[in-house]
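Have the coordinates open while reading this report.

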Amino acid sequence: MSAPLTQHTPQKPAPLAEIRVLEFSHMIMGPSCGMILADLGADVVKVEPGPAGDNSRRLTGAATGFFPTYNRNKRSICVDMKSPAGAALVGRLAASADVIVENFRPGAMEKLGLGYAALSGINPRLVYCSLKGFLPGPYEHRTALDEVVQMMGGLAYMTGPPGRPLRTGASVNDILGGTFGAVAILAALRERDRTGRGSLVQSGLFETNMVLVAQHMARAAIEGHNPEPFGDPDMKKPWPVYDVFDSADEGEQVFVGTVTESQWRGFCEAFGLHDLLSDPDLGTMAQLAAARPRIRLRVAEVFRKLPKTELMARCEALGLPFAPIARPADLFDDPHLLASEGLLPIDLRSAEGAPGGTPVVPEAGLPALPVTLGTGRPGLRRQPPRAGEHGIEVMQEAGFSEAEINKMVADGIISVPARQSPAAA
């Protein structure tokens, strides 16, 4: 957190600079989809429920950082969408939008009169992306969470030790499901270029999970039985070294792998494992993989005598796959992330559920999109918005008069931060 960060704003027009998105979402799946589009230059207007905005702002515990992580580069308007006037306001905004992103429970947007059928009737060019727990089918009305689909989709089984299914340490399906939603939106926009009409696209949380588990399903079909989970210490791996090892520094561990015969030979020579290299029973990769238990014990003995920095330096010189076992707080100072503009200086104060109501630090470097474009890394144009921060300017852009805006604020149809008024905006 102490490393200096600079806000890098792309100087050239971003790829999606002409695209207007209305985002109706909470938690991670919808916001991550909107974040990707916003990072790529789209004008993403987050339509939040009034008066307090997205409840993700107030989540605690393991979910404390959700809002600032996934809502950069967006604008916010808070609307009472359950009122006829609020629904009409959203319909007017949708008339000039290119994309709708929503991840509410099935039927929620339709109940508000804001489903695909209603909004595409107003705007036939609209691309409407629904992010759901399940794509259409027998499960589509079930309530889904990342944890739910990991359990039912085999990922938790593959992650934990035998008999102890374990969810992954990140919201992988929510984030990847949002990414697939963004991909579908881009495909639909390209199709619209040809046809002149928008369409309904969907991304499913359960189906996203199945993409991650596909490799294990293939193995199960090939071998005729379920594969052993990754948490099984006796899991069969095709390489002699592919493990986490202790170094001489207390509590400091390093993952090291040798995945080719040439890597194995160089590894043995560099770490003085000549006895293993000369063993006639360890001449092929299949023999090495079969001998993993005794090889691991021998390697662990050597590694426990080496400081972590020396161990990693030798692995890097050899070109081996290796990695220190980092913790989240370690990554704020990662030299590669800093040098590659991989961390964006994000204002954390929208995490209202922080202990004591205030983040330990007001700003921290959070990861940028993991891509480079012709213009460089997608950067930071806007900090995560305050609830309703841009409501007045969004309404002005939609053609509402100052009197109309004042009345909607007075009637509670839209909510704006204190001391904000149409004149001030």
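## A glycine and its contacts

Leaving aside neighbours within four places in sequence, which residues is Gly-53 in contact with? There are four names to select: Glu-48, Arg-58, Cys-78 and Ala-387. This is a predicted model, so treat the contacts as those of a prediction.

Gly-53 sits in a loop. Is Gly-53 buried or exposed? Its relative accessibility is 6%. The cut-off for buried is under 20%, so Gly-53 counts as buried.

## Helices H1 and H8

Helix H1 covers residues 29–39, and helix H8 covers residues 172–195. The two pack with their axes 7 Å apart. The angle between them is about 50°. Angles under 35 degrees would count as roughly parallel, and 65 to 115 as roughly perpendicular. H1 and H8 are therefore oblique to each other. The crossing of H1 past H8 is right-handed.

Which residues make this contact? From H1 come Met-29, Ser-32, Cys-33, Ile-36 and Leu-37. H8 contributes Asp-174, Ile-175, Gly-177, Gly-178, Thr-179, Gly-181, Ala-182, Ile-185 and Leu-186.

## A sheet of three strands

Now turn to strands E7, E8 and E9. They form an open sheet in the order E7-E8-E9, and the pairing is antiparallel. Strand E7 (241–246) and strand E9 (322–324) are the edge strands, each pairing on one side only. From one strand to the next, the twist averages 15°.

Strand E8 spans residues 253–258 and is joined to E9 by 3 bridges. Across that pairing, Val-256 stands opposite Phe-322 of E9.

Two helices lie across E7 and E8. One is helix H10 (residues 261–270), which runs at about 130° to E8. The other is helix H13 (residues 292–303), which runs at about 35° to E7.

## Domains

How does the domain assignment divide the chain? Domain 1 is given as 20–213 + 341–415, and domain 2 as 241–324. How far apart do the C-alpha centres of domain 1 and domain 2 lie? The distance between these centres is 45 Å.

Technical notes. Residues are numbered from 1 along each chain as its sequence is written. This is a predicted model: local features need pLDDT of at least 70, side-chain atom pairs count only at pLDDT 80 or more; totals for chains, interfaces and linings use all residues. Side-chain values use heavy atoms; hydrogens and water are left out. Helices (H or I, at least four residues) and strands (E, at least two) are DSSP runs, numbered from the N terminus. Buried means under 20% relative accessible area, exposed over 50%, partly exposed in between (1.4 Å probe, protein chains only). Contact means heavy atoms within 4.5 Å. Two strands pair if DSSP finds at least two bridges between them. Axes are lines fitted to C-alpha atoms, for helices over the stretch in contact, and angles run from 0 to 180 degrees between N-to-C directions. Domain bounds come from an automatic or database domain assignment. Angles under 35 degrees count as roughly parallel, over 145 as roughly antiparallel, 65 to 115 as roughly perpendicular and the rest as oblique. A crossing is left-handed if the near helix is turned anticlockwise from the far one by less than a right angle, and right-handed if clockwise.
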